[in-house]
Amino acid sequence: MVRGKALAQCGLVLLSLWLCIQSVPISVDKTKEKPQEELEPPQSADTGLHYDRYLREVIEYLEKDPHFREMLKNANMDDIKLGKLSKELDFVHHNFRTKLDELKREEMNRLRMLIKAKHDIKAGNGRAVDHQALLKQFEHLNHLNPDTFEVEDLDRLIKSATKDLENFDKGRHDEFKRYEMKKEHERRERLKSMNEEDRKKEEQHYEELKKKHANHPKVNHPGSEDQLKEVWQETDGLDPDDFDPKTFFKIHDSNGDGFFDESELEALFTKELEKVYNSENEEDDMVEMEEERLRMREHVMNEVDTNKDRLVSLNEFMEATRKEDFMEKDEWETLDQNPPYTEEELREFEQQLANEENDINQKSADLQKRREELERKEEELNAQKLGLQQAVEEMERLKAQSANAEVKQPGAAVAEGESARVVPGNSQPQPPGHQQQDVPVPGHS
C-alpha cells in the first residue's frame, strides 16, 4: 500500500530504523494515481542489530493496523521515546496482536538457541560464562512473558533499538581500530623473524607504499559545496555553474521519500573515496575505505541532521547549504593523517594478545597434562583388566583339572591294586573277598 511522507517519517523515527523506508515522493498527486496500481517499496537497509528481522516484522504488522498507523502519523519523537506510542498497542486489532504473539514466540526460541550455543562454546573452551551478558540478548523484549506481545515488549523494542543504533557506529569504529592494530602487530612480528637485510628491504617497501597511498588528489570536505558540485558534474553529468542544491537533493534521494538516509548519504562520497582507494593497488586497504566512508557520513550527519533522527530532510539539507561551513575549502583529512590508535594503545593491545596467547598455552599445557594422566590411568586399567582375565583363566584351568581327576577316580571304596568283580547277569560289582557261587546250568549234570 502507498505510504505518505508523514507515515514514512514517523516510521523512521519510531526505531531510528527506516534507513530506506518504503514510501513515495512528497508531492504525490493522488487524483492522478491509478487505483489498482501499487508501488513496490524499496528494500530497507540492514540495521546490523542481532534482532533486526524481529524488529522489521513487528513494525510491518503494526503499520498494517489502521489505528496504529494513524497514531504513528501524529506522533512526535518525544512521544515515541517516552513510551506514549507503545500504549496504543492495546487498540491494535486482534488479528495483528495474534501475529505479534507468534513473532515474539519465534524470537524467544531463536534467543534460547543462541544463548545455549554461546553457553556451550564458552563452557567448552573452559571460559567463565558471563550470564549477565547473555541476558542482555533479551533486553529488546520481556522474556518473563514468553507467549504474548504486550505494551512492555513494544516499549522495550523501541528503547533497545534507539540505544543500540546510537552505539552501532561506535562498535564499528572499535572493530576497525582492533583490525588496524592487529595488522600492524602482525607486520612487526614478521619483521622480527627476518634477517637484517630482509628487514631493511621490507621496511623500505612499506614506506614506499605509504607514500604512494598518501599521494592522491585533494579530497573535498564531505557535504561541502565543492564536494557536491563534483558529484553534480562527474556523476550527474551537469554543468557545475548550474548547481542547484534543491535539484541535487531530488536527484540523489533515490527512493523519493524526501530524506537522505545513511545509505544515500554514503553513496555521495564514492567519488571522493575513489581518489584515495583502488582495490587493485597493493597500498590501498578496502576495509580502510569503508571506515573512511563511515567517518564522512558521521561528519555530515553531525553537521546537518539537526533533530538527530539519523535522516537528512530537504529542509535540513537546504539550511546546511546556507551555512558558512558549506563553503569549506580545506581538504578532508583521511585516515593516514588521523591514525585510529596511538602507540600506547598498540602496546596495550599487544600485551592483551600476549596474555591471551599465554592463557591459551597454559590451557593447552593443562589439557596435555590431563591427556597424559588419562593415558596413564588407561594403561593401569588395561593392566588390571589383563591380570584379572589371566586369574579367571587360571581358575578355569584348575577347575577343569579337578573335574578330570574325579572322573578317573570315582570312589575311595575300591582298594588300590584290586579290581571290582562283576557277577554275570548283574551289573553291580561285588565287594572284595566275596566268593562267587556256581550257578547250575539247565541240561548239564
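Reader: Which residues does L268 touch, not counting residues up to four places away in sequence?

Author: This is a predicted model, in which local features need pLDDT of at least 70, side-chain atom pairs count only at pLDDT 80 or more, and totals for chains, interfaces and linings use all residues. Residues are numbered from 1 along each chain as its sequence is written, and side-chain values use heavy atoms, with hydrogens and water left out. L268 lies in the loop between helix 11 (262-267) and helix 12 (270-274), where helices are DSSP runs of H or I with at least four residues and strands are runs of E with at least two, numbered from the N terminus. Taking contact as heavy atoms within 4.5 Å, L268 touches Q227, V231, F248, H252 and F260.

Reader: Is L268 buried or exposed?

Author: Buried means under 20% relative accessible area, exposed over 50%, and partly exposed in between, with a 1.4 Å probe and protein chains only. L268 has a relative accessible area of 5%, so it is buried.

Reader: Which residues are the closest to the centre of the largest pocket?

Author: A pocket is an open set of points on a 1 Å grid over the protein atoms alone, where a 1.4 Å probe fits, with protein on both sides within 12 Å along at least five of seven lines; lining residues have an atom within 4 Å of a point. The largest pocket has a volume of about 860 Å³, the volume being the space filled by probe spheres set on the points, which are joined across faces, edges and corners. Of the 26 residues that line this pocket, the closest to its centre are E180, K183, Y206, K210 and E288.

Reader: Which helix gives the most to the lining of the largest pocket?

Author: Helix 7 (151-192) and helix 8 (196-214) each supply at least two residues of the lining. The largest contribution, 7 residues, comes from helix 7.

Reader: Which residues does E288 touch, not counting residues up to four places away in sequence?

Author: E288 lies in helix 13 (residues 286-304) and counts as buried because its relative accessibility is 12%. Its C-alpha is 8.7 Å from that of E180, 108 residues apart in sequence. The residues that E288 touches are F176, E180, K183, Y277 and L335.
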